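Here is a briefing for a first look at this structure. Keep the 3D view open and follow the topics in order.

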Amino acid sequence: GADGLALLGTAPGAPCCPHGPALLFVKTSQGKEEGRRFYACSACRDRKDCNFFQWEDEKVSETRLAAREEYNRNHQPSFTHRQNVERYKNFVLLPLSKRRFCQECQQLLLPAEWEEHSDHQFLCGISTAQLKSPSQLLYPLENKKTNAQYLFADRSCHFLLDLIIDLGFRRVLSVGTPRLHEIIQSKASQEEDFKVRSLLLDIDFRYSQFYTEDEFCHYNMFNHYFFGGEAACETCRKFLYQDNGERVIMVTDPPFGGLVEALASSFKKLMAMWKETEKEGHDNQEMPMFWIFPYFFESRILEFFPSFSMMDYQVDYDNHALYKHGKTGRRQSPVRIFTNVTPSMIVLPVEEGYRFCAICQRYVSSGNQHCEICNSCTSKDGRQWKHCVLCKKCVKPSWFHCNNCNCCALQNHTCEKTDAGCFVCGKAGHKRSTCPSLSRT
């Protein structure tokens with residue numbers, strides 16, 4: 001059955017947990033009217049990580065409210081961003097031999113603090129190069145759905161940056177893409193004529209140790225929450241304000257287990273922020289955006305952003321076994337770029353097997369053959385797909401038409417007559433627990 005949760009979104013006056021305003025959900029069960037509404041943490045899908053829960057109609061006592069505020073305060077980072085910036089300035093002045101990084105606390109240490117971290121594991125001799133690549137210094141946070149800390153492989157990162165430059169963008173709003181941000185910042189500090197700038201918005205506060213308040217905002221992309229309040233919001237607004245024609249693009253790489261509609265709602269708010277900064281001439285335009293996400297979410301993303309289309313480029317990750325580039329079958333990364341930039345302008349590397357389809361006016365992967373009947377290049381996963389006359393569309397090469405289910409499926413599938421789709425991705429034929437969109441965890 002389609003028992004599950006429906007997201008109702010951000011509600012004004014929502015209660016807060018340490019991750020900012022909670023989201024409103026409703027329990028749904030097949031054939032019954034809507035269940036009771038409740039608030040839960042926007043960022044953590046797993047109750048172990050943040051167990052915030054409150055019924056919408058619940059009366060919360062003053063005592064509990066006070067206790068909650070106290071809890072939220074105690075669960076904020078031990079230093080403010082400004083303090084971290086000051087600490088960094090002092091850290092850089094230290095000789096190499098005194099530059100320590102505590103691995104347990106994930107924190108740069110000043111000599112006065114060594115004592116209280118004396119029984120912790122630490123790294124010594126932190127070089128300038130290491131400080132300029134914090135994504136390599138910090139260890140990936142384990143919680144995959146809130147902090148999907150899979151970092152772009154260098155190949156994909158440089159491809160994205162070159163593409164951004166070739167398209168003429170000079171400002172990058174990096175939402176949850178620390179490695180892209182870091183490459184841009186590092187080039188900007190080393191190369192005189194490098195004109196691109198980046199602002200990182202990320203829920204991982206550890207980055208505040210390495211970047212100023214103009215380079216990093218602590219941000220939750222599930223509820224569009226700036227932890228630094230109005231000042232941080234203003235930093236973002238200022239960044240989006242295009243000075244002397246510097247064009248802005250937003251690049252985002254959200255956790256794949258995240259709620260698509262919550263993300264879409266935040267991204268629309270960032271787009272609105274961009275639009276408000278525009279003086280003139282952008283009446284019907286959207287802020288250009290690359291949303292990096294698995295191809296099986298295509299229909300969900302297009303539902304929220306009809307102007308987007310999906311590119312064939314396979315985005316690779318460094319520290320994820322499933323998401324490495326490969327030429328064969330399942331080894332290929334399912335991660336793609338969804339964008340509102342005109343597809344024909346996005347040139348994909350021919351040496352990696354992409355080619356231009358003159359009819360579709362976009363670059364496609366070499367195995368993606370143009371289907372005469374669909375009149376488009378239909379493959380989503382890099383393999384050549386085949387057309388099914390009964391389904392009136394192209395399907396995966398390993399699928400066959402099942403007369404029982406009246407659609408194409410794997411040969412040894414169990415025929416399930418379910419009308420209702422999975423509530424994670426909306427597709428029929430599987431339950432939430434086996435949804436392919438959750439497979440990366």
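Two strands count as paired if DSSP finds at least two bridges between them. Keep that in mind for the sheets below. The model is predicted.

**The four-stranded sheet**

- Start with an open sheet of 4 strands, in the order E1-E4-E5-E6. Its pairing is antiparallel.
- The edges are strand E1 (4-10) and strand E6 (53-55). Each has a single partner strand, so one side of each lacks a neighbour in the sheet.
- Neighbouring strands of this sheet are turned against each other by 30° on average, direction ignored.
- Strand E5 covers residues 37-40 and pairs with E6 over 3 bridges, in the antiparallel sense.
- Within this pair, Ala40 has Phe53 of E6 as its bridge partner.
- As background, strands of a sheet pair through backbone hydrogen bonds, either parallel or antiparallel.

- Strand E7 (residues 100-102) is joined to E8 by 3 bridges, in the antiparallel sense.
- The bridge partner of Arg100 in E8 is Leu109.

- How many cavities of 30 Å³ or more does a search of the whole structure find? There are 2.
- The second largest cavity has a volume of about 40 Å³.
- Its lining consists of Asn84, Arg87, Tyr88, Phe91, Leu108, Leu110 and Gln209.
- Helix H2 (residues 81-93) gives the largest share of this lining, with 4 residues.
- By class, the lining has 4 nonpolar, 2 polar and 1 charged residues.

**The helix pair H5 and H6**

- Two packed helices are described by the angle between their axes and the distance between the axes.
- Helix H5 (residues 154-166) packs against helix H6 (residues 178-190) at an angle of about 60°. Their axes are 10 Å apart.
- The crossing of H5 past H6 is right-handed.
- On the H5 side, the contact uses Asp154, Cys157, His158, Leu160, Leu161 and Ile164. On the H6 side, it uses Arg179, Leu180, Ile183, Ile184 and Lys187.
- The residues of this contact divide into 7 nonpolar, 1 polar and 3 charged.

- Strand E24 (residues 399-402) and strand E25 (residues 407-410) run antiparallel and are joined by 4 bridges.
- Which residue of E25 stands opposite Cys402? It is Cys407.
- The hairpin has 4 residues between the strands. Asn406 takes a positive phi near 60° in this hairpin.

Note on methods:
Residues numbered from 1 in each chain as written. Predicted model: local features only at pLDDT ≥ 70, side-chain atom pairs only at ≥ 80, totals over all residues. Heavy atoms only, no water. 1 Å grid on protein atoms, 1.4 Å probe; cavity = no way out; pocket = protein on both sides within 12 Å on 5 of 7 lines; lining within 4 Å. Points joined across faces, edges and corners; volume = space filled by probe spheres on them. Helix = DSSP H or I, 4+ residues; strand = E, 2+ residues; numbered from the N terminus. Nonpolar A, V, L, I, M, F, W, Y, C, P; charged D, E, K, R; others polar. Axes fitted to C-alpha atoms, helices over the stretch in contact; angles between N-to-C directions. Left-handed = near helix turned anticlockwise from the far one by under 90°. Contact = heavy atoms within 4.5 Å.
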